[in-house]
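Dear colleague,

Please find below the structure that I promised to hand over. My findings follow it, and I would ask you to read them with the structure open.

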Amino acid sequence: MSQPSRYGVGGDGSVGPADTEAAIRLLQHGEITVEGRLVAATNATLYCAIEFDDLRANCVYKPISGERPLWDFPDGTLAGREVAAYVISEHMGWQVVPPTVHRDGPFGPGMVQLWIDHDAEVDLLTLSRGEDPAVRRMAVFDAVVNNADRKIGHLLPTTSGHVYGCDHGVCFSDEYKLRTVLWQWRGKDLTGEAVEALQKLRRAFGRDGLVSRLKSLLSEEEVEATLGRVELMLKHRIHPYPPEDWPAIPWPPV
């Protein structure tokens, strides 16, 4: 048997369309071996190796059985929200969420996501407060998915300059819960590329495939609210303002 080839993000940190297809196949069908646990995470978050045919990588596995109950999100739904965030990311064409699937694993069903080796040379505090276009895309994405927990440590910059985001389990509420460290663009006009990505996403909502996929992961009300946020942003074409009746910044912010 030949030695399996290493699969993950490329040497420059990017994941191209062909790599994404292979990553999804690997994540869906690969054998998961738990190697450790990220102890700082609120919910059970396991660092794993995954292998399928001649592909292998590292991944994050979050079993539903390890989710802590929340007062404002239904029990057992966080893994599905993580996958829904990936689906939205792909339909916007920005790939701000690493390849992510919902599948069975060593501790039952859960979310499995490709591990991203972030660039440790990047100061995350500076990145989160700056004007990096990649981070601005993340702010637009967070507004679409209604991210209630965009911490500084949830930004994963790569050596190529691309920035991924992780930990999207508390997204998609049908109530406005945007809570983020990325408020520097509040009230500012959306960029042309942001408008284009939102228009692309709205067109996708007009096709059955996206809506059916999201309804398998979220409630019908949450899917409708997501489309409503897209349409609202396209109507006003500005970055949203912080909510008045909800903490604007997650705690702790890192």
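Asparagine 146 is buried, with a relative accessible area of 1%. In this predicted model, asparagine 146 belongs to the loop between α4 (133-145) and β7 (155-157). The backbone there deserves attention: phi of asparagine 146 is near 60 degrees, a positive value in a residue other than glycine.

Phenylalanine 172 also has a positive phi, near 75 degrees, and is likewise a residue other than glycine. Its place is in the loop between β8 (163-165) and α5 (192-205). Phenylalanine 172 is buried, with a relative accessible area of 0%.

Two further points concern the backbone. Arginine 237, which follows α7, has a positive phi near 55 degrees. In the segment after α7 (220-236) one finds proline 252, and the peptide bond that leads from tryptophan 251 to proline 252 is cis, with omega near -5 degrees.

I turn next to α4. This helix has 13 residues and reaches 19 Å from its first C-alpha to its last, close to the 18 Å expected at 1.5 Å a residue. Is α4 largely enclosed by the rest of the structure, or is it open? Of its 13 residues, 11 are buried, so α4 is largely enclosed by the rest of the structure. Among the buried residues are Arg136 and Asp142, together with Val135, Met138 and Phe141. The buried residues of α4 pack against α2, α3 (124-129), β7, β8, α5 and α7.

The largest nonpolar core has 65 residues, of which Ile88, Met92, Phe141, Val144, Leu198 and Leu214 touch the most other members. To this core α4 gives the most, with nine residues.

Two packed helices are described by the angle between their axes and the distance between the axes.

On the side of α4, the contact is made by Val140, Ala143, Val144 and Val145, and on the side of α7 by Thr226, Arg229, Val230 and Met233. By class, six of these residues are nonpolar, one is polar and one is charged.

The second pair is α2 and α5, whose axes come within 8 Å and cross at roughly 115 degrees. These two helices are therefore roughly perpendicular to each other. Here Ile88, His91 and Met92 of α2 meet Ala197, Leu198, Lys200, Leu201, Ala204 and Phe205 of α5. The residues of this contact divide into seven nonpolar, one polar and one charged.

Valine 96 lies in the loop between α2 and β5 (100-103). Is valine 96 buried or exposed? At 2% relative accessibility, valine 96 counts as buried, because the cut-off for buried is under 20%. Not counting residues up to four places away in sequence, valine 96 touches Ser89, Met138, Phe141, Val163, Tyr164 and Gly165. The C-alpha atoms of valine 96 and arginine 137 are separated by 8.0 Å, although the two residues are 41 residues apart along the chain.

Aspartate 167 is found in the loop between β8 and α5. With a relative accessibility of 27%, aspartate 167 counts as partly exposed. Its contacts, not counting residues up to four places away in sequence, are Lys62, Glu82, Asp149 and His154. Aspartate 167 and arginine 81 are 86 residues apart along the chain, and their C-alpha atoms are separated by 9.6 Å.

With kind regards

Methods:
Residues are numbered from 1 along each chain as its sequence is written. This is a predicted model: local features need pLDDT of at least 70, side-chain atom pairs count only at pLDDT 80 or more; totals for chains, interfaces and linings use all residues. Side-chain values use heavy atoms; hydrogens and water are left out. Helices (H or I, at least four residues) and strands (E, at least two) are DSSP runs, numbered from the N terminus. Buried means under 20% relative accessible area, exposed over 50%, partly exposed in between (1.4 Å probe, protein chains only). A nonpolar core is a set of buried Ala, Val, Leu, Ile, Met, Phe, Trp, Tyr and Cys residues joined through side-chain atoms within 4.5 Å. Contact means heavy atoms within 4.5 Å. Ala, Val, Leu, Ile, Met, Phe, Trp, Tyr, Cys and Pro count as nonpolar, Asp, Glu, Lys and Arg as charged, and the others, Gly among them, as polar. Axes are lines fitted to C-alpha atoms, for helices over the stretch in contact, and angles run from 0 to 180 degrees between N-to-C directions. Angles under 35 degrees count as roughly parallel, over 145 as roughly antiparallel, 65 to 115 as roughly perpendicular and the rest as oblique. The expected span of a helix is 1.5 Å times one less than its number of residues.
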